[in-house]
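These are my notebook entries on one structure. I record what I looked up, topic by topic.

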Amino acid sequence: MSVVLSEVSDRILTITINRPDKLNALSAEVREGLAAALRSARGDDAVGGVILTGAGEKAFVAGADVTSFPSYSPVSARAFAREGQALLDTVETLGKPVIAAVNGFALGGGCELALACTLRVASRNARLGQPEVNLGIIPGYGGSQRLSRLVGKGRALEMLLTGDMIPADEAWRIGLVNRVVEPAELLPASREILKKILAKAPVAIRYVLDAVNAGLEMPFAAAEDHEATLFGLCFATEDMKEGVSAFLEKRPAKFAGR
Ligand code: COA
């Protein structure tokens, strides 16, 4: 059985990391499978959005595969971090919404993977954390940056320095996850959010992702300029004409994605 499973239905690709006996730790094989699944999601017009989850009831992803760490040199460890960062950048910049359905432990690289997703829905039993300091290391898949940008420097530093796992309701309280649901509701709730997004104008959805992701990397004035350019481009789309006409004619819009 493959360590990364893909299934498409209703324009939603569900990617399941399938190594439950090792709590879905990100082995090289998992990273390659995930990269391949994301590549095909990016190029496939039949895929509007992605749900990323872990197999089994215990873990989303319990981190990078610690068994590989003893063999790393400083040089190969740096390359390992850069490769993982590139993989998670692919998640963040896919151009399609990606929902992390966090079904249990999301630790280390698992928490970082969830952070790279567009939104995070957690089951009530989920526990999230960056326990790297317990191993004498720091996050290497962008966690020090994405966590502090998402929940603020103080809360991020507390998680990064103590290595404590926090339960789903605490993760919700600090804005680390968007929703907390019962375990049985995790995939249905994730699909429901994604379906709501996929019913909107597709080009506008892409531009929102770009305005936020690229804009946060720019000085404010440059980000505003970028936002204005994307706003202007919307006026070249059929979807904008349809959305505005539908509003004025008091009927639901039918978007073609052009
Ligand atoms: N890398 C490799 N293997 C891992 C792993 C990881 N990050 N996390 C869990 N596993 C493996 C365990 O070694 C164990 O394998 P085994 O059955 O061959 O011994 C299996 O998954 C089950 O984990 P186990 O530790 O027995 O489950 P638990 O319920 O007692 O504990 C955790 C769960 C999540 C608290 C514990 O597994 C853990 O702390 N994992 C590492 C988390 C971590 O530090 N991640 C960041 C890495 S940078």
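Which backbone nitrogen lies 3.0 Å from a polar atom of the side chain of T237? I found that it is the backbone nitrogen of M240.

I noted the basis of the entries: this is a predicted model, in which local features need pLDDT of at least 70 and side-chain atom pairs count only at pLDDT 80 or more, while totals for chains, interfaces and linings use all residues. Residues are numbered from 1 along each chain as its sequence is written, and side-chain values use heavy atoms, with hydrogens and water left out.

Entry on T237. I located T237 in the loop between α9 (220-234) and α10 (238-248); helices are DSSP runs of H or I with at least four residues, and strands are runs of E with at least two, numbered from the N terminus. T237 counts as buried because its relative accessibility is 9%, the cut-off being under 20% relative accessible area with a 1.4 Å probe and protein chains only. A polar atom of the T237 side chain also lies 2.6 Å from the backbone oxygen of C234.

Entry on the ligand. I looked up the shell and found 16 residues around the ligand, the closest being K22, K58, A62, A64 and V66 (near means a heavy atom within 4 Å). A polar backbone atom of A62 is 2.9 Å from a nitrogen atom of the ligand, and for V66 the corresponding distance to a ligand nitrogen is 3.0 Å. The protein buries 60% of the 860 Å² that the ligand exposes when taken alone (Shrake-Rupley method, 1.4 Å probe).

Conventions. A polar contact is a pair of N or O atoms within 3.5 Å; within protein, one must be able to donate a hydrogen and the other to accept it, and residues adjacent in sequence count only if both atoms are side-chain atoms. Buried means under 20% relative accessible area, exposed over 50%, partly exposed in between (1.4 Å probe, protein chains only).
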